[in-house]
Amino acid sequence: MKYRILAIDIDGTLVDRNERLSPAIRAALRRAVAAGVHVVLATGRRYGRVLHLVEPLSIELPLITACGGLIKDPRDHRTLFRAEYDEAALSALLDFLFAEGHSPILSGDTYTEGYEFCYRKRHTD
């Protein structure tokens, strides 16, 4: 076998304007898996925002999401990799952003808990 892994970006590559995988794309991905190729799909989106595309494929693949910050197995939502900030560095960054008047949105590996990000407004006096 010439190729053993096929890593493909989802957005603008596999999906059409209506965020659908065509039957031809679905069939090609299944053929690649059947031929022994390890298929890996990647996106900058949050995990939950792309599941509707990959679950119907019914193939074993890791799903790289959040611009590489979170890798999960969509069959059982098991986390394979999660980038984490040092707690002190994250706290300092949040303090800085709040001081500058921003209200940051934090993404987390919390899909199975029913949410994937949190938003906290800046405290105002």
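At 33% relative accessibility, Asp 16 counts as partly exposed (buried is under 20% relative accessible area, exposed over 50%, partly exposed in between, with a 1.4 Å probe and protein chains only). This is a predicted model, where local features need pLDDT of at least 70, side-chain atom pairs count only at pLDDT 80 or more, and totals for chains, interfaces and linings use all residues. Residues are numbered from 1 along each chain as its sequence is written, and side-chain values use heavy atoms, leaving out hydrogens and water.

Let's start with the charges. The structure holds ten salt bridges (a side-chain nitrogen of Lys or Arg within 4 Å of a carboxyl oxygen of Asp or Glu). Here are some of them:

| Pair | N to O distance |
|---|---|
| Asp 11 and Arg 45 | 2.5 Å |
| Asp 16 and Arg 20 | 3.6 Å |
| Asp 73 and Arg 75 | 2.7 Å |

Asp 11 sits in helix α1 and Arg 45 in the loop between β2 and α3, so this pair ties together parts 34 residues apart in sequence. Helices (H or I, at least four residues) and strands (E, at least two) are DSSP runs numbered from the N terminus. Arg 45 is buried at 14%, while Asp 11 is partly exposed at 27%.

Leu 41 is in contact (heavy atoms within 4.5 Å) with residues including Ile 8, Val 54 and Ile 64, leaving aside neighbours within four places in sequence.
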